[in-house]
Amino acid sequence: MAEAPRIAIIGTGAAGVAAAKALRKRGHDGAIVLIGAESCPPYERPPLSKATIAEGADPPTLLDETKRTELDIDLRLDTEIAAIDRDRQRLRLAAGDDIPYDRLLLATGAIPRRLPVPGGETCRLLRLRADSEGIRATLHDGAHVAIIGGGLIGLELAASATRLGVRVTVIEAAPRILGRAVPAPLAEAIERRHLDAGIEILTGAKITHVEDGRVVHVDGRTPIEAEVVIAGIGIDPATALAEAAGLDLDNGIATNALHQTSDNAIFAAGDCASIPHALYDDARIRLECWTTAGDAGTSAAAAMLGDSEPFRAVPWFWSDQYDETLQVAGLPDFATETIERDVGTAAPMLFHLARDGRLLAASAFGPVSAYAKHMAVAERLIGANGHPDPSVLADSQANLKSLLRAAKSA
Amino acid sequence: MTQWIDACAADAIDKDDMIRFDHGDRTFVLFRSEDDRYFATDGLCTHEEAHLADGFVMDCVVECPLHQARFDLTTGKVLAEPAEEDLATYPVRVENGRVMLGLD
């Protein structure tokens, strides 16, 4: 019998760790080397803009020592990869060593964008645990923080910072906040929630330069002075290693539906990778959400062991703002129709349908107790290519679980 | 010694559905299966603090409303991350149309 392949995974975020665990779960008994650049063991990143800021809470671990030992995962922390030698199938470490592989998973994640104006490099960024702890240290009672970017990270930070008695100004270049990932009615409800909490939101604000990480100069307005300036204007896929190795790129590391890159032995998953998605007519998409990164890691592990099921996990993310939560299942951008359902929250829950009535996405903002049951049904219907009856979706008295039973028996 | 707490009427829970039950400073999930058996587990997800009864249940599996961790309500076993720990389970019996929860 052939010896089990040696599998190396670069990246200790959601995708990399999920892949390592899934490999063992599927019975892989060869070596698994999990390589991370940070010095701390794998941890959950979502709390970095939430409880880590507001409460100083340590983010939960993704792989504790007991589990790591039980799964026999060779975890290399604090380890920079200098290059991928595809011909010899070896990773060259910055420190000089080599790690051989038969299959390699790139789960390198993403890098926060720097603000492209003079002084932009003086703004703080948030991606890693150390970034979050550094930001928290500046947020004393009565301080003023300027957050550049009215996206999910910026607004989560704003909500967390106000809990520390900090005054917050959010500066957004676009005409409205959350323009990218969130349907407009929900974005408006979220904006109102922030305004109620006393957050100042400047939209349509063109930043000309930033002075010393403290003063933000906006075209035609009074400069904004703050104790700390944080930029949350998006992330770019971490593709440097892949690019240097000559792998195909297309909005991230380009893979096929089995997470395989242009090199048969190398796979990629998570924020760093784009993939044709079976649920969205094989459109090539790159997702930046934690749960889906974990799903992709799990799916890539299966593919590395020879499974031939294309990736079809329903994209799903949440964002906590104050005591309320935004959840989006599926991809609303692909939809042409929207059905509203009153769930007792400020904005209705939305179901996003294709022209032919297929459910492509659902979204809601409020306490999860108001809508989580419906969201769970929606997610299952999306995954099953369901065409639910719109009148049932819209009927606040109807139990949506019946739609699943109907889809199941159909 | 096990104390039996009168939690609710047996027909207050639909089949393959659950309710939240609070007792003292504790919170539980009471679940009724499709084949009419009753189960009780701790009410909070073992990942982050969320009432599982606010989530979704189907075929004996509950999904947490916050981050989609899943548990088997008949055994308390964790089935999907991000939770890693099982839920504690408690004995349940039905007497005279009432669901009785057994606590030590």
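1. How do the residues of the lining of the second largest pocket divide into nonpolar, polar and charged? They divide into 23 nonpolar, seven polar and 15 charged, where Ala, Val, Leu, Ile, Met, Phe, Trp, Tyr, Cys and Pro count as nonpolar, Asp, Glu, Lys and Arg as charged, and the others, Gly among them, as polar.

2. On the basis of these notes: this is a predicted model, in which local features need pLDDT of at least 70 and side-chain atom pairs count only at pLDDT 80 or more, whereas totals for chains, interfaces and linings use all residues. Residues are numbered from 1 along each chain as its sequence is written, chains are lettered from A and ligands numbered from 1 in the order in which they are written, and side-chain values use heavy atoms, with hydrogens and water left out.

3. The second largest pocket has a volume of about 1500 Å³. A pocket here is an open set of points on a 1 Å grid over the protein atoms alone, with protein on both sides within 12 Å along at least five of seven lines, and its lining residues have an atom within 4 Å of a point; grid points are joined across faces, edges and corners, and a volume is the space filled by probe spheres set on the points. Of the 45 lining residues, the closest to the centre of this pocket are Asp295(A), Thr298(A), Leu79(B), Ala80(B) and Glu81(B). Elements that each supply at least two residues of the lining include α1 (14-25) and α3 (65-71) of chain A and β5 (56-58) and β8 (78-80) of chain B, and the largest share, eight residues, comes from α8(A). Helices (H or I, at least four residues) and strands (E, at least two) are DSSP runs, numbered from the N terminus.

4. The largest cavity holds about 130 Å³ of space, and of the 17 residues that line it, the closest to its centre are Gly270(A), Ala273(A), Ile275(A), Ala296(A) and Phe311(A). Both β19 and α8 of chain A supply at least two residues each to this lining, which by class has 10 nonpolar, five polar and two charged residues.

5. The second largest cavity has about 70 Å³ of space, and its lining draws on both chains, with Trp316(A), Met375(A), Phe56(B) and Cys64(B) among the residues. Helix α9(A) gives the largest share of that lining, four residues, and the classes are seven nonpolar, three polar and two charged.

6. Tyr280(A) and Phe334(A) form a tilted pair, 5.1 Å centre to centre with 45° between the planes. Tyr280(A) lies in the loop between β19 (273-277) and β20 (283-285) of chain A and Phe334(A) in the loop between β22 (324-330) and β23 (337-341) of chain A, so this pair ties together parts that are 54 residues apart in sequence. Tyr280(A) counts as buried at 2% relative accessibility, whereas Phe334(A) counts as partly exposed at 35%.

7. The rings of Trp290(A) and Trp318(A) have their centres 5.9 Å apart and their planes at 85°, so this pair is edge-to-face. Trp290(A), Trp316(A) and Trp318(A) form one aromatic cluster, and Trp318(A) counts as buried at 11% relative accessibility.

Key. 1 Å grid on protein atoms, 1.4 Å probe; cavity = no way out; pocket = protein on both sides within 12 Å on 5 of 7 lines; lining within 4 Å. Phe/Tyr/Trp six-rings, centres within 6.5 Å; stacked < 30°, edge-to-face > 60°. Buried < 20%, exposed > 50% of the residue type's maximum accessible area, 1.4 Å probe, protein only.
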